Protein chains: 2
Amino acid sequence: MYRTHTCGELKLENAGQTVELAGWVQTVRKFGAITFVDLRDRYGITQLLFGEDLNAQLESNPLGREFVLQAKGTVSERSNKNKNIPTGGIEILIQSFSILNKSAVPPFTIQDDTDGGDDLRMKYRYLDLRRNAVKKNLELRYAVNRSARNYLHEQGFYDIETPFLIKSTPEGARDFVVPSRMNPGEFYALPQSPQTFKQLLMVSGYDRYYQVVKCFRDEDLRADRQPEFTQIDCEMAFVEQEDILNMFEALVKRIFKDVRGLDYTEPVERISWEDAMWNYGNDKPDIRFGMKIANLKFPLHVFTSKIAFLQNSPLGDESAAGFAVFDSAETVVAISVPGGSEYSRKQTDEITEWVKRPQIGMKGLAFIKCGTDGTYKSSMDKFFDAEKLKAIAGATGAQAGDIVLILAGNEERTRKAVSELRLEMAKRLGLRKSNEFKLLWVLDFPLFEYDEESNRWVARHHPFTSPKPQDIQVMINNDPAIKDAAKYLEHPYANIKANAYDIVLNGNEIGGGSIRIYQRALQEKMFAALGMSKEEALHKFGFLLGAFEYGAPPHGGIAFGFDRLCAILGGSESIRDFIAFPKNNSGRDVMLDAPSTIDKKQLEELQIKTAGKS
Amino acid sequence: MYRTHTCGELKLENAGQTVELAGWVQTVRKFGAITFVDLRDRYGITQLLFGEDLNAQLESNPLGREFVLQAKGTVSERSNKNKNIPTGGIEILIQSFSILNKSAVPPFTIQDDTDGGDDLRMKYRYLDLRRNAVKKNLELRYAVNRSARNYLHEQGFYDIETPFLIKSTPEGARDFVVPSRMNPGEFYALPQSPQTFKQLLMVSGYDRYYQVVKCFRDEDLRADRQPEFTQIDCEMAFVEQEDILNMFEALVKRIFKDVRGLDYTEPVERISWEDAMWNYGNDKPDIRFGMKIANLKFPLHVFTSKIAFLQNSPLGDESAAGFAVFDSAETVVAISVPGGSEYSRKQTDEITEWVKRPQIGMKGLAFIKCGTDGTYKSSMDKFFDAEKLKAIAGATGAQAGDIVLILAGNEERTRKAVSELRLEMAKRLGLRKSNEFKLLWVLDFPLFEYDEESNRWVARHHPFTSPKPQDIQVMINNDPAIKDAAKYLEHPYANIKANAYDIVLNGNEIGGGSIRIYQRALQEKMFAALGMSKEEALHKFGFLLGAFEYGAPPHGGIAFGFDRLCAILGGSESIRDFIAFPKNNSGRDVMLDAPSTIDKKQLEELQIKTAGKS
């Protein structure tokens, strides 16, 4: 061993001991005949003092930043103590030292506030990983990993490894494929998730399974998506939705406790998908703050589908007092922003410009300022009297001093816009605190979504999700074919709810899952509903349909996005900072320079040709 | 939840309780008006008793093997207790039941001694996994996983995930590659191990790293090799070989203790590679028994390379008394087999046939029977007098009552043959006990092997292994080129020892590793020694050479073959039984039917063509 102690552990009580340390030179400071070196390792920083006797040796072997140094000396009390670090009470009086390795000058500083840009840091990731900011992230990641494993172990779950070289059955996302040399013309696929395997394990009776496992999706990368990512993947048999919710909200609470010291004792709130969409405009609401959406005008299909909780709109049932913007709009929605009644014209103009940005896509913004004096001033004074303005403000729950922001337009876009506006205003008001954690279960998703292009159903979650028990017969007894595309909402499948659930943390989906189909007939009906022929279903999923023949138990599970969960717990928006060796937004590892071309011999052995080279 | 208890937990003290169980029907036995059902789940088997009142319901819903059943009833003391199972004291008097899922008749019985052949069991792996024999293996595998993680965690190791989509740098084994859709013509590779990444993590200062991680090698499969396999992968910084040996023999001992309840308190023996080869004929000796090899005649090169421990041969320095078989042989080796002096002619003939099999490839076998009366009877009586026979027997350590078996021929083949013969005889004598565990460190491997075909050096371990400290200068100061192929043994590189170690359990290599090169100049010299041009080395490993520029610490590590370790701990020779979803010897998953062809659209998107289809 090159050291007797680490750079993080020596304290006053070690004074007088002879110790050996090894680590990296963080700083070198020369004061006349003596030299101070801060030596850094994974555990901390310790100050070394090189006296006059070592001067000659230091001069012929000068130390530089990031040199790897081994040094022997005596622990000694420091006159000038540093209270900010655990070893700040002592320094080491060096007797002898040896440079284990030199270092070129790093391309950026190894400090929290580094001067390195993103590209440079990714290219020299091994240096970036030395920075305390990144190291803390990876430590947190390991702590989450460890905490999850401990909890699941205590709950009787087994870690069972599932294969990585599997069969390509693209449903939804694209597979990465792996050409087989031993079977020319054939390919393995990398798993998008261990979904079917964990279900088979339930069929096999393993009851409680988990894995912290890499998954792969060959999708066009958006910011903060990785082609390979990690899931905490879990499955249980003989359970219903309620069992899953209880088991896994306790997992997240345990992680909060172990990793952040946080007691999340309150029950996790639950909301239906429908309520989430109406009240927050999206299916992963951030409920650290209120500002719920008031639906002032409902789209027509709402009346046909008769959603129970709707009340009369304060705008009036049919029209909006001749205000063309509202009259012609499919949807009118509003939120109230605390303290906004004092916004200047400049401020309301700026918010209007914000919603008109192409990413948001609104044509404009109406507002009502709810004065602290009980008055209402609005951009729509012409069209609505004070009574009406008050009613509208009331619908948003606005208090005196608030501003009500109103958007109108096409249902989908307007809903998305008001959801973004809500998050933006909350951010400006400091309501999205990175050290506050608020969980939410979103339940009762639709089982299917309508795909206009192919005029058929697609699975909202995945093809293995079970409908709610009461919807099973609806699914079995009806033909999935959509005869009249214009009236797809009237098809019985449009209202089938999934036995599925997402868990949301601070407005981010951190996990999702479902109770699965475990009956062959229902699974076959599902494949048919998704436009799969019997032959195709058998070719792709024959093993699963076969397994369902031999006593498949009721089962369900969940998968957590491990990278995202870590990022949120670390107070960050970006998952890349929580992955040791991430890829950039084009799916490249710029440190390795991968992907890259391969040898001609490799291609020949695989019997494949690349485009333009055949 | 579909149950209040599992099928493994109810005991006499639960008598009188109303419980609900869910599981699989193992057996159904009808005795007149009552029916006994053994219900099975992951935790055990519980007997259910269906009384007369349920007869009608049972008749309209008959139960079959592997049906999934939910049943409610009262725990009751059994008159006819079964002492073999934990729940054997009780049975459940059933009040109501429901069949959760039916089962077709399984293609083989779900029992320890199943009637299913290998192929059938692999095709229906989800049923095979239900068998207790397989379930115990996966439980053991999880226990090993858990034990290793706990130990490494306590020792301050972090689990840090390394990427799966990396760069192809085939050294030794072939890479599996993954075509990149976003970068047409380019490929990722799947890692053969996280070797370079764990070294980078050491450069980054992470100090103690581990992972239980899938690795991939596209090799022609031999029996009991898998294209994807799992390693316990570890690395440490600021360590020397001794630190690694201590850290990781303690890991294995901890696993012995946690998983098998075994106190392995004695120190782990160590042997040099050279001694292993001379004494056991291979580099992973099974030391559960003795029967060391006596080297009766040494190959010529031994004298030139002056191995210190050699003594004079009992055959005489130069020739063997005119016995042509020995005179013409490069090597003559012998082992003594306990109790063999009584072997019949038929038995010695059979052993002779055994060594003449093509897999062993010897021309014949000589023997000396060491009679309990002090006489020596030999197949070579013509050539050697009693004194000489006694001396030869003495060299093997033979006792009265033993037989000495002697092989002669070409060095490599003869050594391999005597090694196989030793293992075979030990097996016949019952000396290779699956419940006895014996560890061994093999040290001081050669750094290089000579590759005849390309007349150059290849790395015995891998290109990142450091030479022994005293050999670093030998490596740096000499030209690796081999001028005279016939005299390659005289090249200074032939005697360079690696700072590498294997850990052997019961004659199987369960782990191996090395102290790594951490100096750029030495790493470049290594690449050059392996015939890599500067450009090639930079193209493939530029990131690593770069990392060594910025303060790389001394470091080393080890990787355990997790599948093999589990198999040996489970008393099995086959790793396939310890993998949930293994591939067969052609690399196929017969359950999934993978690899398989993929859609034309997938190929088009990837811009690759398969042979014969361009």
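Helices here are DSSP runs of H or I with at least four residues, strands are runs of E with at least two, and both are numbered from the N terminus. With that in hand, welcome to a predicted model. Chain A has 614 residues, of which 59% count as buried, and its secondary structure comes to 17 helices and 23 strands. Chain B superposes on chain A with an RMSD of 0.0 Å.

**A loop residue to start with**

- A:Glu66 sits in the loop that runs between helix 1 (55–60) and strand 4 (68–77) of chain A.
- Most residues other than glycine have a negative phi. A:Glu66 is not a glycine, yet its phi is positive, at about 70 degrees.
- Is A:Glu66 buried or exposed? Buried means under 20% relative accessible area, so A:Glu66, at 2% relative accessibility, counts as buried.

**Chain A as a whole**

- The C-alpha trace of chain A spans about 90 × 75 × 55 Å along its principal axes.
- Take the contacts in chain A between residues at least 6 apart in sequence: 68% of them join residues at least 24 apart.

**How the two copies are related**

- Two copies of a chain are related by a rotation about an axis and a shift along it.
- Here the rotation that places chain B on chain A is 180 degrees, and the shift along its axis is 0.0 Å. The two copies are thus related as by a two-fold rotation axis.
- Which surface do the copies use to meet? Of the interface residues of chain B, 99% are also interface residues in chain A, so the copies meet through the same surface.

**Strand 16, an enclosed strand**

- Strand 16 of chain A covers residues 403–409, and seven of its seven residues are buried, so this strand is largely enclosed by the rest of the structure.
- In a regular strand the side chains alternate between the two faces of the sheet.
- In strand 16 of chain A, A:Ile403, A:Leu405, A:Leu407 and A:Gly409 point one way, A:Val404, A:Ile406 and A:Ala408 point the other way, and all are buried.
- Strand 13 (residues 331–337) of chain A pairs with strand 16 of chain A in the antiparallel sense, over seven bridges. In this pairing, A:Ser336 stands opposite A:Val404.
- Strand 14 (residues 366–370) of chain A also runs antiparallel to strand 16 of chain A, joined to it by four bridges. Here A:Ala366 has A:Ile406 as its bridge partner.

- Strand 18 and strand 19 (residues 456–459) of chain A run antiparallel and are joined by four bridges. One of the bridge pairs is A:Asp451 with A:Arg456.
- These two strands of chain A form a hairpin with four residues between them, and A:Asn455 in the turn has a positive phi of about 45 degrees.

**More backbone details to look for**

- Most peptide bonds are trans. A cis peptide bond, however, joins A:Ala594 and A:Pro595, with omega about 0 degrees.
- A:Pro595 belongs to the loop between helix 16 (562–569) and helix 17 (600–606) of chain A.
- B:Asn506 is not a glycine but has a positive phi of about 55 degrees. Its loop lies between strand 20 (500–505) and strand 21 (508–515) of chain B, and B:Asn506 is buried, with a relative accessible area of 4%.

**Cavities**

- Rolling a probe the size of a water molecule over the atoms shows where empty space is left.
- How many cavities of 30 Å³ or more are there? The count comes to 10.
- The largest cavity has a volume of about 290 Å³. It is lined by 20 residues, and those closest to its centre are A:Arg149, A:Val212, A:Val213, B:Val212 and B:Val213.
- Helix 4 (132–154) and strand 9 (208–216), in chain A and in chain B, each supply at least two residues of the lining of the largest cavity. By class, this lining has six nonpolar, six polar and eight charged residues.
- The second largest cavity has a volume of about 160 Å³. Of its 19 lining residues, A:Glu161, B:Arg141, B:Lys214, B:Ile579 and B:Ala580 lie nearest its centre.

Notes:
Residues are numbered from 1 along each chain as its sequence is written. Chains are lettered from A and ligands numbered from 1 in the order in which they are written. This is a predicted model: local features need pLDDT of at least 70, side-chain atom pairs count only at pLDDT 80 or more; totals for chains, interfaces and linings use all residues. Side-chain values use heavy atoms; hydrogens and water are left out. On a 1 Å grid over the protein atoms alone, a cavity is a set of points where a 1.4 Å probe fits but cannot get out, and a pocket is an open set with protein on both sides within 12 Å along at least five of seven lines; lining residues have an atom within 4 Å of a point. Grid points are joined across faces, edges and corners, and a volume is the space filled by probe spheres set on the points. Ala, Val, Leu, Ile, Met, Phe, Trp, Tyr, Cys and Pro count as nonpolar, Asp, Glu, Lys and Arg as charged, and the others, Gly among them, as polar. Two strands pair if DSSP finds at least two bridges between them. Copies are superposed by least squares on the C-alpha atoms of residues with pLDDT of at least 70 in both. Contact means heavy atoms within 4.5 Å. Buried means under 20% relative accessible area, exposed over 50%, partly exposed in between (1.4 Å probe, protein chains only).
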